[in-house]
Amino acid sequence: MTDPAQGVLQGSVTQQENQQEGRRRWRPQWTARMALIPAMAITIFCFYGFIIWTFVISLTRSRLLPVYKFTGFDQYARLFANERWWTAMGNLAIHGFLFIGGCIVFGYLLAILIDRGVKAEGLYRTVFMLPLSMSFIVTGVIWQWVMNPGLGLQEAVRALGWAGFEFNWIVRPDRSIYTLAIAGIWQQVGLCMALFLAGLRNIDPNIWKAARVDGIPVWRVYLHIITPMMRAVFFTVFILMSAIVMKAFDLVVALTGGGPGFSSDLPARFIVDHILNRQELGLGAAGAFVLLCTVIAVIAPYIYFELQKERSGRGH
Amino acid sequence: MMRYNRLALYGLLSVAAIMILLPVFIMVSTSLKSMDEIRNGSIFTLPVDPGFAAWGKAWFGDCAKTLGDTCGGLSSSFMTSVKIVIPALFLSVGLGAVTGYSLAAWKMKGANVMFAALLVGMFIPPQVTLYPLIIMIRELGIFGTIPGLILVHVIWGVAFTTMMFRNFFKTVPQDLLKAARIDGAGFWPLFWHVMLPLSLPILGVAMILQFTYIWNDFLLGLTFGGRAGQPMTVALNNLVGSQFGEKEYNVDMAATMLTALPTLAVYLLSGRLFVRGIAAGAVKG
């Protein structure tokens, strides 16, 4: 693979050629600029332009189609007076806490177990990351069946002899939001494990040697020495999982459909529903903009951190 | 003492593995059962008389149970998904490779600013730009068509693929690039003969992940697909959500299995490449 590269390297650099560089460089430089045009157009128009457009729509009274009659922040006032929106935002907080927390705790534990040096490590990793290759729709449909109160897990456990076993959360308005976290953690825990494992593998082996010499028990090394060293990995995992949670749409559609009622609704679903089905374009746009602000508040420190890392030359 | 520790270690890992695999087992086993067996048995049991009847129904549809011109099978939406994924895959990876190469190898003013702007684009929830994108695709006259969905996937994929290639090309030694340029290599020769051959592993990672993301997409397919461009995930959700008469869980599970199979196969065959890329691409969710 490196052969063509080496061929170029061996073509020796002489003074003469160095002087020609100036004359030759202008053309490829321009081609390079031209090559950026499609991606630049997408960035400027389809990302930032469309964000502004959505914001403009949120200031109008648009319903089925965009109507550019401005009403100030009326749609935001309607949004903040909308009970379903607050249900969805509250659910986002509950689901976010459980999903992110669960992924971090279980992902870290699995990574530590694998890091203890097991045979067939590859097999365990493959299994833990298997759900990641599936769509959230697939995950949602599978778990809807598993949690089916009539024929699913509840009945199966009762048939095993535990007659009083109850697991009907998916049809209970006060519990359905928790089922999202179960299915979500099942799907994403492998990703957290992989990120934590990569972090654990970067730890200087001398730390382990020193701890062994001092006779510190393994669990204390993890708790007091390794975990504080993994701060950056925890941060990254937290951000990545937050990004997934705030976009969560497919899973809730396939698993609970936001129900019963709107009891497991999430903001992403609220927005799509109002834009596509309810002919409340302005309200949906206002919701979308509020969601974007939430995302920015969480992500901005991360982007800043990443760019700082690059600037300080540590690269990737 | 040491031995008990090892035992506990393997025990815990195995319990976790079983918990991950159990829903997959339930999906496969349910899809091979008859409805009678599902009603009378438990989700944990193996099928007594395994058969592919439900798979046939999921694939070809059940004309007695659906209204309208189709029988509700997934076969047509499978073809739609294939027709969307393949062009969208090559276009988004190709555009990302060229953009990433241009940003990394040709020192230009503002390259880092543009990269940062693009990177932020990866975090934007698709709901925020959804409606303007609908207007754009409608104005182009490709709403509800496969080309429309391909374009939408390229737009949403380019930030991720660019990031993968740009970050990889940044690790190529500057001396190598300098030498190539002094040898008179222009933009495209340097790309085709030096950079692209170097980037084969990252090309593989980007292809695998883009395949997985596009195949698994639901929101874009739902919004832009219409009736003619309905990808498999949307068809699956419709099938599960809108059966007439009694729900056939075996057909649901067979349909789910069929939808999951392509990405599952890619994952199991590619193994390490998938693992390498998924971390970098995780932000796409």
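**Notebook: helix packing, domains and chain contacts**

I began with a helix pair in chain A. The axes of helix α8 (residues 136–146) of chain A and helix α10 (residues 176–201) of chain A come within 10 Å, and they cross at roughly 130 degrees. The model is a predicted one, and I kept that in mind throughout.

I noted how such a pair is put into words: two packed helices are described by the angle between their axes and the distance between the axes. Angles over 145 degrees would count as roughly antiparallel and those from 65 to 115 as roughly perpendicular; α8(A) and α10(A) are therefore oblique to each other. I looked up the handedness next: the crossing of α8(A) past α10(A) is right-handed.

Which residues of α8(A) and α10(A) meet? From α8(A) I listed F136(A), T139(A), G140(A) and W143(A). Facing them in α10(A) are I182(A), A183(A), W186(A) and Q187(A). By class, this contact holds five nonpolar and three polar residues, with no charged ones.

**Confidence in chain A**

I checked the scores of chain A. The mean pLDDT is 84, and 89% of the residues score at least 70.

**Domains of chain B**

I then turned to chain B, which is divided into domain 1 (2–51) and domain 2 (75–284). The C-alpha centres of these two domains of chain B are 33 Å apart. I found eight residues of domain 1 of chain B in contact with seven residues of domain 2 of chain B. On the domain 1 side, the elements giving two or more residues are α1 and α2 (35–40) of chain B. The most comes from α1(B), with four residues. I sorted that side of domain 1 into four nonpolar residues, three polar and one charged.

**Chain B against chain A**

Last, I looked at the two chains together. How many residues of chain B are in contact with chain A? I recorded 84 residues of chain B, against 90 residues of chain A. On the side of chain B that touches chain A, helix α1 (residues 2–31) of chain B has the largest share, 12 residues. The make-up of that side of chain B is 57 nonpolar, 22 polar and five charged residues.

How values were computed. Residues are numbered from 1 along each chain as its sequence is written. Chains are lettered from A and ligands numbered from 1 in the order in which they are written. This is a predicted model: local features need pLDDT of at least 70, side-chain atom pairs count only at pLDDT 80 or more; totals for chains, interfaces and linings use all residues. Two residues are in contact if their C-beta atoms, placed from the backbone, lie within 7 Å. Ala, Val, Leu, Ile, Met, Phe, Trp, Tyr, Cys and Pro count as nonpolar, Asp, Glu, Lys and Arg as charged, and the others, Gly among them, as polar. Domain bounds come from an automatic or database domain assignment. Axes are lines fitted to C-alpha atoms, for helices over the stretch in contact, and angles run from 0 to 180 degrees between N-to-C directions. Angles under 35 degrees count as roughly parallel, over 145 as roughly antiparallel, 65 to 115 as roughly perpendicular and the rest as oblique. A crossing is left-handed if the near helix is turned anticlockwise from the far one by less than a right angle, and right-handed if clockwise. pLDDT is the predictor's confidence in each residue, from 0 to 100.
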